[in-house]
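Please open the structure in the viewer and keep the selection tool at hand.

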Amino acid sequence: MEAAIHQTCPTVYADQLESPITYDEILMALRAGARHKAPGIDGLGLEFYTENWDTIKSDLKDLLNRMFLHNQVSTQQKHGIVVFLPKSNGDPTPDGYLPITLLTTEYKLLSRIMARRLRPIMEEHLRSSQFCAVPGNTILDAVATVRDAITYAENTETPLCMLTLDFEGTFDRISHHYLFHIFRRYGISHWFIEQIRNLYDGATASIQINGTLKGHNPSTAR
């Protein structure tokens with residue numbers, strides 16, 4: 001892997017990644033969020049922030065910069081509520097339910113802003129054959145590439161073998177240590193990587209069962 005990735009100086013993206021969060025970045029993150037979604041443990045959904053933007057924008061900017069620049073992400077902000085949605089197949093077993101985690105809006109806003117800052121850097125490093133998470137590329141491009149390869153093989157009578165791999169729960173199975181190592185090779189600074197790590201370290205969750213929360217309660221944590 002180290003031989004395949006050209007290492008970039010860790011200071012080349014510092015200004016792009018480490019500057020204070022701006023009002024424009026917050027507004028773009030708010031507009032990118034889906035409406036009418038269940039809120040996190042504090043009960044404040046996206047609509048609260050958008051409807052009261054003129055009143056709270058200064059406080060929200062200060063809050064997000066404290067979270068980002070000074071690692072002041074509270075226990076409650078890192079706490080998720082896991083709810084289970086039934087799938088359409090009607091399966092009554094645990095496999096028939098889709099678990100989703102409800103997070104506080106400010107936590108999601110910070111994550112969205114950091115991801116948006118990383119996006120143009122990833123464009124520089126990811127290959128054109130990468131379709132997932134690359135702006136301008138869609139899964140339809142991948143389908144078209146497969147179709148074109150098959151057509152070419154048929155027309156030229158070229159032997160062709162195609163292999164499809166699907167990693168179930170990929171994000172849950174990939175080592176964060178490995179991901180951070182790749183970030184360093186891409187030139188992402190140690191400081192920014194630590195801000196990403198801080199979003200995950202010490203994260204907790206409660207499970208909602210019949211309207212009742214079970215498990216860790218951040219309001220009683222010391």
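Begin by selecting helix 5 (residues 105-125) and helix 9 (residues 190-200), which pack with their axes 12 Å apart and at an angle of about 150°. Helices here are DSSP runs of H or I with at least four residues, strands are runs of E with at least two, and both are numbered from the N terminus. Axes are lines fitted to C-alpha atoms, for helices over the stretch in contact, and angles between N-to-C directions run from 0 to 180 degrees. Helix 5 is therefore roughly antiparallel to helix 9; angles over 145 degrees count as roughly antiparallel, those under 35 as roughly parallel, 65 to 115 as roughly perpendicular and the rest as oblique. The crossing of helix 5 and helix 9 is left-handed, meaning that the near helix is turned anticlockwise from the far one by less than a right angle, whereas clockwise would be right-handed.

The model is predicted: local features need pLDDT of at least 70, side-chain atom pairs count only at pLDDT 80 or more, and totals for chains, interfaces and linings use all residues. Residues are numbered from 1 along each chain as its sequence is written, and side-chain values use heavy atoms, with hydrogens and water left out.

Next, display the side chains of Tyr107, Leu110, Ser111, Met114 and Leu118 in helix 5, which meet Phe192, Gln195, Ile196, Leu199 and Tyr200 in helix 9. Contact means heavy atoms within 4.5 Å. By class, this contact of helix 5 with helix 9 has eight nonpolar, two polar and no charged residues. Ala, Val, Leu, Ile, Met, Phe, Trp, Tyr, Cys and Pro count as nonpolar, Asp, Glu, Lys and Arg as charged, and the others, Gly among them, as polar.

His176, Phe180, Phe183 and Arg184 of helix 8 make the contact with Ile193, Ile196, Arg197 and Tyr200 of helix 9. These residues of helix 8 and helix 9 divide into five nonpolar, one polar and two charged.

Now move to helix 2 and helix 4, whose axes come within 10 Å and cross at roughly 105°. Helix 2 is therefore roughly perpendicular to helix 4. From helix 2, select Tyr23, Ile26, Leu27 and Leu30; from helix 4, select Trp53, Lys57, Ser58, Leu60, Lys61 and Leu64, which complete the contact. By class, seven residues of the contact of helix 2 with helix 4 are nonpolar, one is polar and two are charged.

How many aromatic pairs does a search of the whole structure find? The search finds four. Rings of Phe, Tyr and Trp (its six-membered ring) pair if their centres lie within 6.5 Å; planes under 30 degrees apart count as stacked, over 60 as edge-to-face and the rest as tilted. Tyr23 and Trp53 form an edge-to-face pair, 6.2 Å centre to centre with 90° between the planes. This pair links distant parts of the chain, with Tyr23 in helix 2 (residues 23-32) and Trp53 in helix 4 (residues 53-69), 30 residues apart.

Finally, select Glu157, which follows helix 6 and has a positive phi near 55°.
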